Amino acid sequence: QVQLVESGGGLVQAGGSLRLSCAASGRTSSNYAMGWFRQAPGKEREFIAAISWSRGSTSYGDSVKGRFTISRDSAKDTVYLQMNSLKPEDTAVYYCAAGPSYSNSWRFYTYWGQGTQVTVSS
């Protein structure tokens, strides 16, 4: 059983930056993939980024490529999402997820955090 807790969300002006953290606890596995998703009101859940815990391979959604960076700190069992050049369109609840496979689909992730709100003002 794995628990994920996101933090770092908040209010930021367009063009600003935020760094989200996702701390994992419980029976973690180094073979898991970790991902970030977001969901805005009235919109579908959107893939943001994913990382393979063991290899560190990463992938990004088209809307955030070049602006967001996913990384991990194995010693802290924590995954980060560095968000730069934020846009109002980035406003959403951001969720951290973990699963047994490396995927950009939320349906393949097993564990989810509670979400953290990111609001970008124009």
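**Close-up 1. Asp-90 and Arg-38 form a salt bridge, with their closest N and O atoms 2.8 Å apart.** A salt bridge here means a side-chain nitrogen of Lys or Arg within 4 Å of a carboxyl oxygen of Asp or Glu. This pair links distant parts of the chain, 52 residues apart: Asp-90 lies in the loop between β8 (78-83) and β9 (92-99), and Arg-38 in strand β4 (residues 33-39). Strands are DSSP runs of E with at least two residues, numbered from the N terminus. Both Asp-90 and Arg-38 are buried, that is, under 20% relative accessible area with a 1.4 Å probe, protein chains only.

The model is predicted, so local features need pLDDT of at least 70 and side-chain atom pairs count only at pLDDT 80 or more, while totals for chains, interfaces and linings use all residues. Residues are numbered from 1 along each chain as its sequence is written, and side-chain values use heavy atoms, leaving out hydrogens and water.

**Close-up 2. Asp-90 also forms a salt bridge with Arg-67, the closest N and O atoms being 2.8 Å apart.** Here the partners are 23 residues apart, with Arg-67 in the loop between β6 (58-60) and β7 (68-73). Arg-67 is buried, and so is Asp-90.

**Close-up 3. Salt bridges link Arg-38, Glu-46, Arg-67 and Asp-90 in a network.** Side chains of opposite charge can pair when their charged atoms come close.

**Close-up 4. Asp-62 forms a salt bridge with Lys-65.** Their closest N and O atoms are 3.1 Å apart. Asp-62 counts as exposed because its relative accessibility is 67%, and exposed means over 50%. In total, the structure holds 4 salt bridges.

Definitions and conventions: Helices (H or I, at least four residues) and strands (E, at least two) are DSSP runs, numbered from the N terminus.
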